[in-house]
Amino acid sequence: MTRVEYKADIFPEGDCFVGICRELDVSSFGDSPEDAKASIQEAVEAFLEGCEMLGTLTEVLEESGFYLNDGKWRLHERITVNEVAAV
C-alpha cells in the first residue's frame, strides 16, 4: 500500500464547502467542513489509485512536490509569501 501525506484546504463557497489539494490539482465539496474533508479524502484516493493503475504514480508525486521518506510520500516544506502585485 502506498501512503501519501498531503495537505488540503477547506473553505466555504456558496452553500457548500470546498476541499482542494493544490499540489495534486484535486478538489471536491460537501455540505459541511467535515463532509468536504471526507469528500476530498475520497477524491485524492481515487486520483492516486488511477495514477497507480496507469503506472504514473511515482512520476506524478515527484512532479507535484512530494518525496519518498520511510515508505511514505511527503510534501516538501513550502515557504508561503503573501504579497500584493500591481499591474
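Reader: Which strands does helix α1 lie across, and at about what angle does the helix run to β4?

Author: Good place to start! This is a predicted model, in which local features need pLDDT of at least 70 and side-chain atom pairs count only at pLDDT 80 or more, while totals for chains, interfaces and linings use all residues. Residues are numbered from 1 along each chain as its sequence is written, and side-chain values use heavy atoms, with hydrogens and water left out. Helices (H or I, at least four residues) and strands (E, at least two) are DSSP runs, numbered from the N terminus. Axes are lines fitted to C-alpha atoms, for helices over the stretch in contact (heavy atoms within 4.5 Å). Angles run from 0 to 180 degrees between N-to-C directions. Here, helix α1 (residues 33–54) lies across β2, β3 and β4, and runs at about 145° to β4.

Reader: In what order do β2, β3 and β4 form their sheet?

Author: Two strands pair if DSSP finds at least two bridges between them. The order is β2-β3-β4, an open sheet with antiparallel pairing. Its edge strands, β2 (9–13) and β4 (26–30), each pair on one side only. On average, neighbouring strands of this sheet are turned by 25° against each other, direction ignored. Between β3 (residues 16–21) and β4 there are 5 bridges, and C21 stands opposite V26 in β4.

Reader: What is the phi of D25, and where does D25 lie?

Author: First, the general idea: most residues other than glycine have a negative phi. D25 has a positive phi of about 60° although it is not a glycine, and D25 lies in the loop between β3 and β4. That hairpin has 4 residues between the strands. With a relative accessible area of 70%, D25 is exposed. Now try D70: its phi is positive too, near 50°. D70 sits in the loop between β5 and β6, and counts as exposed at 75% relative accessibility.

Reader: How many disulfides does the structure hold?

Author: A disulfide is a covalent bond between the sulfur atoms of two cysteines. The cut-off used here is a pair of cysteine sulfur atoms within 2.5 Å. The structure holds 0 disulfides. For C16, the closest cysteine sulfur is in C21, 18 Å away, and therefore too far for a bond. C51 is in no disulfide either, as the nearest cysteine sulfur, that of C21, is 11 Å away. At 6% relative accessibility, C51 counts as buried.

Conventions: Buried < 20%, exposed > 50% of the residue type's maximum accessible area, 1.4 Å probe, protein only.
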